[in-house]
Amino acid sequence: MRITVTVDGTQYTDEVEPRTLLVHYLRDKLGKVGTVIGCDTSNCGACTVHLDGHSVKSCSVLAVQADGCEITTIEGLARDGQLHPVQQAFHDNHALQCGFCTPGMIMQAIDLLADNPDPDEKAVREGLEGNLCRCTGYQNIVRAVRDAARHMSPGAGPEAERVTEPEATRAPSGVGGE
């Protein structure tokens, strides 16, 4: 089947087998290897991408189902050399260890923040419950998402620009009982 998709702002038209999973199309055909293959059963969330602005586990979507859609991968988040606010918050809060789950966590966190721009700890944990991390115990991931929320405009999606404020006015990471 022939599909046309826009991935990270670039349009692609390709022939794909009807049974090709979106994760395999992104990785094998387009080279978007930041979209990680984890469990292949949609349990871990490592393969999370945005499909028309909403997070999906790309191992549970056929490439043909994405025909005509806009897809954003982890590689499409940074703009002009600037990390997306959620990427920056993960870096600032040391919210990764091995890094395997990080792309999916970041993509899911962006979707969470688009729906709930000021989540408390419980809302972050519930919003990320479909994404598994085997290294961190989630403390720094939750901190990172809450930190990103403080630096993003309400309802901001992947195109959100980082709010620029002097470093001295920012609360240090970990402040606030987290």
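## Ground rules

Since we're looking at a prediction, local features need pLDDT of at least 70 and side-chain atom pairs 80 or more, while totals for chains, interfaces and linings use all residues. Residues are numbered from 1 along each chain as its sequence is written, and side-chain values use heavy atoms, with hydrogens and water left out.

Start with α3 (residues 102-115) and α5 (residues 139-151), whose axes come within 11 Å and cross at roughly 45°. Helices here are DSSP runs of H or I with at least four residues, strands are E runs of at least two, and both are numbered from the N terminus. Axes are lines fitted to C-alpha atoms, for helices over the stretch in contact, with angles from 0 to 180 degrees between N-to-C directions.

Who meets whom? On the α3 side it's Met105, Ala109, Leu112 and Leu113, and they meet Ile141, Val145, Ala148 and Ala149 in α5. Contact means heavy atoms within 4.5 Å.

## A mostly covered helix

Next up is α2 (residues 85-92), where six of the eight residues are buried. Buried means under 20% relative accessible area, exposed over 50%, and partly exposed in between, using a 1.4 Å probe and protein chains only. The buried ones are Pro85, Val86, Gln87, Gln88, Ala89 and Phe90, and they pack against α3 and α5.

Most residues other than glycine have a negative phi. Aspartate 80, in the loop between β5 (70-72) and α2, has a positive phi of about 50°. This aspartate 80 is exposed, at 82% relative accessible area.

Histidine 94 sits in the loop between α2 and α3. Its phi is also positive, about 50°, although histidine 94 is not a glycine, and at 60% relative accessibility histidine 94 counts as exposed.
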